[in-house]
Amino acid sequence: MTVGIDKIGFYTSPYFIDMVDLAHARNEDPKKYLIGIGQKKQAVIPPTQDVVTMAANAAQKILSEGDKEKIDLVIFGTETGVDNSKSAAIYVQSLLGISKQARSFEIKQACYGGTAGVQMAVDHIRLHPESKALVLAADIARYGLNTPGEVTQGGGAVAMVISSNPRILEVEDKRSFHSDNIMDFWRPLYRHDAVVDGHYSNSIYADFFQQTWMDYRQKYHRTIDDFRALTFHLPYTKMGLKALRSIIDQSKHPEAILEQFEASRMYNALVGNLYTGSLYLSLISLLSNSEALNQDDLIGLFSYGSGAQGEFYSGRLSDQFDRSQLKTDMDTILSERSRITIEQYQEMYQTFLPLNEEDKLFDVSSDNSCFVLKGRKENRRIYLTKN
Ligand code: HMG
């Protein structure tokens with residue numbers, strides 16, 4: 001029996017800033033952002049979207065009524081949680097009308113939360129192949145205006161249905177882990193923006209990739225050339241390129257591997273970091289933009305979450321995978337967004353629900369997403385379904 005990703009959906013904000021505009025506003029050479037960092041555009045999340053609405057918007061596009069009845073596990077990976085007690089998964093389950101006979105909860109380990117969810121769901125379906133699981137990975141990446149991390153912000157959500165006989169990726173039971181207590185990036189409860197030691201975080205990411213890659217190779221006697229493509233958690237797309245370059249001399253056909261990497265970073269360069277969902281946006285990007293993939297091809301996935309946890313695992317492309325629909329949907333989402341000015345972005349960036357008990361309601365008329373956050377009254381968040 002095969003188990004893995006059967007459906008995958010994506011949502012991001014309808015607004016973005018252009019990295020050339022940001023570079024000009026910050027007195028930087030645009031080439032630093034476009035080439036040195038590898039980002040072209042950045043999603044800007046309006047106050048009417050949070051991780052609950054973004055995940056619900058991503059999942060709503062892929063779930064059939066049959067899925068909603070069969071799902072008995074909803075796992076929400078995020079590091080932008082909206083409550084210290086109640087999970088974002090419960091809100092999404094209710095907004096989407098998923099069966100109440102389900103386990104729903106939230107998990108956290110920085111950007112690793114999406115992969116933790118996928119692997120837990122895969123293990124669950126191996127034991128219960130008749131059921132389905134929904135894994136949600138949603139975040140808003142914030143470092144602050146005028147900080148070195150600003151160019152690596154972004155946000156959005158990926159939703160995945162995990163099932164037996166999957167139509168996208170058959171996840172193998174082959175994985176390697178590495179974890180350690182590291183202070184490279186974290187977000188204390190009293191802060192909206194992350195605290196980050198940027199250059200240190202880059203070196204820890206690179207180190208965790210080496211550790212998990214070598215462990216995986218040794219355990220499963222595989223080499224880089226067994227893979228058609230390697231995908232990475234992409235906090236910014238140059239980071240993945242650096243990790244790949246660190247092992248590319250192990251390949252007999254480096255151009256082919258690098259070509260697949262280019263396909264896997266196209267969408268991330270247009271959205272920015274979405275933390276837990278970033279690796280899975282890269283997978284979507286590869287699946288949509290590579291013309292070289294064939295059924296049964298082996299794909300490697302490197303997941304990294306600061307703090308820190310790394311995992312390298314693998315999956316095979318299903319013989320039922322249909323590239324054209326995914327690509328059409330993705331290109332539509334990304335091309336229908338509106339470019340906003342740096343002034344508009346700065347204002348949006350500073351508009352959110354306050355970290356105190358104050359009531360606040362937003363004007364949701366300009367947000368045409370299916371699910372929106374109206375605001376908060378008497379400590380209760382108010383979610384609306386618009387269409
Ligand atoms: P910085 O100090 O502003 O940038 O911060 P820099 O000076 O290091 O330059 C970046 C690159 O641009 C360099 O290339 C420069 O040479 C190049 P590299 O040496 O790295 O190959 N450059 C140029 N290239 C072309 N033309 C030019 C030019 N000028 C310079 N004119 C940093 C960069 C990434 C540190 C910063 O943006 C940051 O702190 N970002 C946030 C942290 C981050 O993303 N870390 C990644 C690893 S940790 C991770 O992935 C986990 C995370 O997702 C969180 C989680 O797990 O929850 C972040």
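**Residues around the ligand and annotated binding positions**

In this predicted model, the shell around the ligand comprises 15 nonpolar, eleven polar and four charged residues (Ala, Val, Leu, Ile, Met, Phe, Trp, Tyr, Cys and Pro count as nonpolar, Asp, Glu, Lys and Arg as charged, and the others, Gly among them, as polar). Local features require pLDDT of at least 70 and side-chain atom pairs pLDDT 80 or more, whereas totals for chains, interfaces and linings use all residues. Numbering starts from 1 along each chain as its sequence is written.

Gly 36, Ala 110, Cys 111, Gly 198 and Pro 235 come nearest among the 30 residues around the ligand, a residue being near a molecule if its C-beta atom, placed from the backbone, lies within 6 Å of it. Two or more shell residues are given by each of helix H2 (30-37), helix H7 (198-220) and strand S12 (298-305); helices (H or I, at least four residues) and strands (E, at least two) are DSSP runs, numbered from the N terminus.

An unreviewed UniProt entry places the feature "binding site" at Asp 29, Tyr 143, Lys 242 and Asn 273; such annotations may be inferred rather than shown by experiment. Asp 29 lies in the loop between helix H1 (19-25) and H2 and is exposed, because 11 other C-beta atoms lie within 10 Å. Lys 242, part of helix H8 (residues 237-245), is partly exposed, with 15 other C-beta atoms within 10 Å. Here, buried denotes 20 or more such atoms, exposed 12 or fewer, and partly exposed a count in between, with C-beta atoms placed from the backbone.
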